[in-house]
Amino acid sequence: MTRYDDVDYWDDRYSNDKDPFEWYQTYIGIRHFLTPKYLCHTGNAPTSQGNSADDKQTQSTTDREFLHANRVLILGCGNSDLGQNMLQDGFTYIANVDFSSVVIDQMKKKYTDDCSPARKEFKKKPVHNKMTFQCLDVTKKLEFDDESFDLIICKGMLDAILCNTNALVDKVKSMMSECHRVLDKEHGVMVVISYGRPEDRLECFDAAQWREVKTFTVPKPMVPGMTDVGAEHYVYILFKRA
């Protein structure tokens, strides 16, 4: 059985496969969730258990202002293009963390080497666009001050931790507590993308930390050779309890 919670597995994988890889969903697949309609606790936010496949919308002026105001933390970034896609779409500050020093070194080089295509692309962007990479274990203390972020994105990270059932309680509790700590107390939101159904995942979200958890579904991307047509991923949106 693959140990997705084992740093040695990931160091070896990233050493041998340096091509970008997206777990579960691309940015386009979840982009509509990262707008005020879903991330603002008040207002006409959609209710839980909706399938939002037909709810993708064009970016309004309000959306753009919202993106520029948000400080984002991506957990378990790997070599995903998610952060790059978000910056290109209007987000202005993104911190990426992963416990694999191999992939963090690769990503730092990718976005600082003047010869890399990614770096050349970012040179065209406004100077206030910023993206950082740090080697951190999200199940331990994060090296960020309290309330450092407005939005946390966890795309597959929770599922990876849950692969080691022996450490389920302690590691998940530690990760979720740290996420709660570094989120803004007024409007902090965490978005979790998972293959786990609500009956298996909602127990990971302590009601003492989150005032509301909304559940949505999004179709799995079509992959050549795969037969799970109609299958879906779950998107959990957690609103911080101050």
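Welcome! Select Glu147, which is partly exposed, with a relative accessible area of 29% (buried means under 20%, exposed over 50%, and partly exposed in between, using a 1.4 Å probe and protein chains only). What you have open is a predicted model, where local features need pLDDT of at least 70, side-chain atom pairs count only at pLDDT 80 or more, and totals for chains, interfaces and linings use all residues. Residues are numbered from 1 along each chain as its sequence is written, and side-chain values use heavy atoms, leaving out hydrogens and water.

Glu147 sits in the loop between S4 and strand S5 (151–155); helices (H or I, at least four residues) and strands (E, at least two) are DSSP runs numbered from the N terminus. Check its backbone: Glu147 is not a glycine, yet its phi is positive, about 55°. Most residues other than glycine have a negative phi. Tyr24, also not a glycine, has a positive phi of about 70°, and you will find Tyr24 in the loop between H1 and H2.

**Next stop: H1**

Select residues 7–16, helix H1, and colour its buried residues Trp10, Asp11 and Tyr14. Looking down the axis of H1, these fall within an arc of 100°, so they line one face of the helix (the arc is that of the directions from the helix axis to the C-beta atoms). They pack against strand S3 (93–98) and helix H6 (101–112), where contact means heavy atoms within 4.5 Å.

**Into the largest pocket**

Now look for the largest pocket, with a volume of about 560 Å³. A pocket is an open set of points on a 1 Å grid over the protein atoms alone, where a 1.4 Å probe fits, with protein on both sides within 12 Å along at least five of seven lines; lining residues have an atom within 4 Å of a point. Of its 38 lining residues, those closest to the centre are Trp10, Gly76, Gly156, Met157 and Ala160. H8 gives the largest share of the lining, four residues.

**Last stop: Ile30**

Select Ile30 in helix H2 (residues 27–30). Is Ile30 buried or exposed? Ile30 is buried, with a relative accessible area of 2%. Beyond its neighbours within four places in sequence, Ile30 is in contact with Gln25, Leu82, Lys155 and Ile193.

Technical notes: Grid points are joined across faces, edges and corners, and a volume is the space filled by probe spheres set on the points.
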